[in-house]
Amino acid sequence: MAQEPSFFVLAYYHFTGIADPHQEVKAHKEFFKDRNITSRIYLSEQGINGQMSGKREDAEAYMNWLHANPLFETMPFKIHPHHENVFPRQTVKYRKQLVALDEDVDMNQTGKHISPLEWKELLEKEKRPLLLDVRNEYEWQVGRFDGAECPPCDTFREFKEYAENLKTQVNPEQTPIMMYCTGGIRCELYSSLLKKEGFKEVYQLEGGIINYGLKQGSEHWLGKLFVFDDRLTIPISQEPAPVIGSCYHCQTSNETYYNCANMDCNHLYLCCQTCVEKFLGCCCTDCQNAPRVRPYHHQDVHKPFRKRHHYFKDDLTSKQ
């Protein structure tokens with residue numbers, strides 16, 4: 001019998017006025033002290049945007065601790081069991097913007113939240129709204145809802161220009177929009193931006209793709225979900241979904257991401273096992289010959305989102 005995963009991975013956000021977010025940062029750090037927790041958590045005057053992983057008992061204690069705070073007592077958590085921590089360290093920081101949009105939006109004018117069940121029902125309508133993926137291009141390349149419009153944006157800041165272009169292509173007053181993102185927070189801002197641009201009927205998936213997978217499974221979903229931690233991609237449910245990603249080098253079906261081993265590149269790309277070995281973990285031959293390349297290890301491909309790496313130190317030690 002398989003052993004039950006002993007860690008929880010939590011995703012959550014909550015918009016609420018925080019008078020002293022720096023104090024909340026300090027309180028988090030104090031709570032995390034001596035607990036088996038890693039995280040990527042941002043707090044601002046707008047609220048909190050968090051992801052964390054920890055031993056089950058520590059994660060449960062954290063959820064109870066936050067819910068005891070009047071600021072966060074109604075905040076929902078999306079929970080995935082896992083076998084280890086998924087972040088490299090504990091990060092709790094103040095950020096002026098919870099999501100980097102660089103645009104003032106009215107948080108009282110967001111889209112209508114619809115449940116995963118309502119979302120599924122909308123997807124199955126013969127004439128459904130325009131389905132919009134508001135994630136970065138490298139996210140939707142490996143997984144998305146069937147039939148989604150996928151903007152070619154590398155950062156969330158680029159979506160403002162996309163919204164301006166969209167209203168020249170469709171009638172904003174007569175075109176209903178249904179939008180989704182990973183956990184829901186980007187839709188909060190982007191739905192408000194679309195309404196600011198004149199779109200009258202805007203729906204957003206409550207809790208994002210994560211919540212849909214937990215509540216409705218993989219129906220209408222293609223591929224895997226990109227996540228910003230060491231897992232990189234995960235299935236949204238236990239139900240199978242077709243592979244839609246392809247290897248950067250040979251174009252075969254693939255859904256495994258790597259960061260280029262050239263530390264001055266660090267390009268995130270999909271790659272099959274044959275090509276990652278052939279190119280020694282690099283995205284191109286030029287990167288293979290670059291001056292700062294992490295040595296490729298068959299048994300331990302470098303983890304994501306690290307521009308510097310311990311391999312250099314390890315290799316020097318092994319040669320002594």
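Predicted model: local features only at pLDDT ≥ 70, side-chain atom pairs only at ≥ 80, totals over all residues.
**Entry 1**

I started with Ser39, which stands opposite Met52 in β3.

**Entry 2**

Next I went to strand β1, residues 7-15. β1 also pairs with β3 in the antiparallel sense, here over nine bridges. For a residue-level check I picked Tyr13, and its bridge partner in β3 is Asn49.

How many of the nine residues of strand β3 are buried? I get seven for the run 47-55, so β3 is largely enclosed by the rest of the structure. A reminder to myself for reading side chains here: in a regular strand they alternate between the two faces of the sheet.

**Entry 2: the whole sheet**

I stepped back to get the strand order. It reads β4-β1-β3-β2-β5, five strands in an open sheet with mixed pairing. The edges belong to β4 (78-82) and β5 (90-94); each has a single partner strand, so one side of each is left without a neighbour in the sheet. I also noted the twist, which averages 10° from one strand to the next.

**Entry 3: β4 and the helix on the sheet**

Val9 is the residue I followed across, and it stands opposite His80 in β4. What packs on the sheet here, touching β1 and β4? I found helix α7, residues 208-216, and its direction makes about 70° with that of β4.

**Entry 4: Val134**

Last stop, away from those strands: Val134. I placed it in the loop between β7 (130-133) and α4 (137-140). Buried or exposed, I wondered about Val134? Its relative accessibility is 0%, and since the cut-off for buried is under 20%, Val134 counts as buried.

Then I asked which residues Val134 is in contact with, leaving aside neighbours within four places in sequence. My list has Phe156, Phe159, Met179, Tyr180, Cys181, Arg186, Cys187 and Tyr190. I checked Ser191 too: Val134 and Ser191 are 57 residues apart in sequence, and their C-alpha atoms are 9.7 Å apart in space.

Note on methods
Residues numbered from 1 in each chain as written. Heavy atoms only, no water. Helix = DSSP H or I, 4+ residues; strand = E, 2+ residues; numbered from the N terminus. Buried < 20%, exposed > 50% of the residue type's maximum accessible area, 1.4 Å probe, protein only. Contact = heavy atoms within 4.5 Å. Pairing = 2+ DSSP bridges. Axes fitted to C-alpha atoms, helices over the stretch in contact; angles between N-to-C directions.
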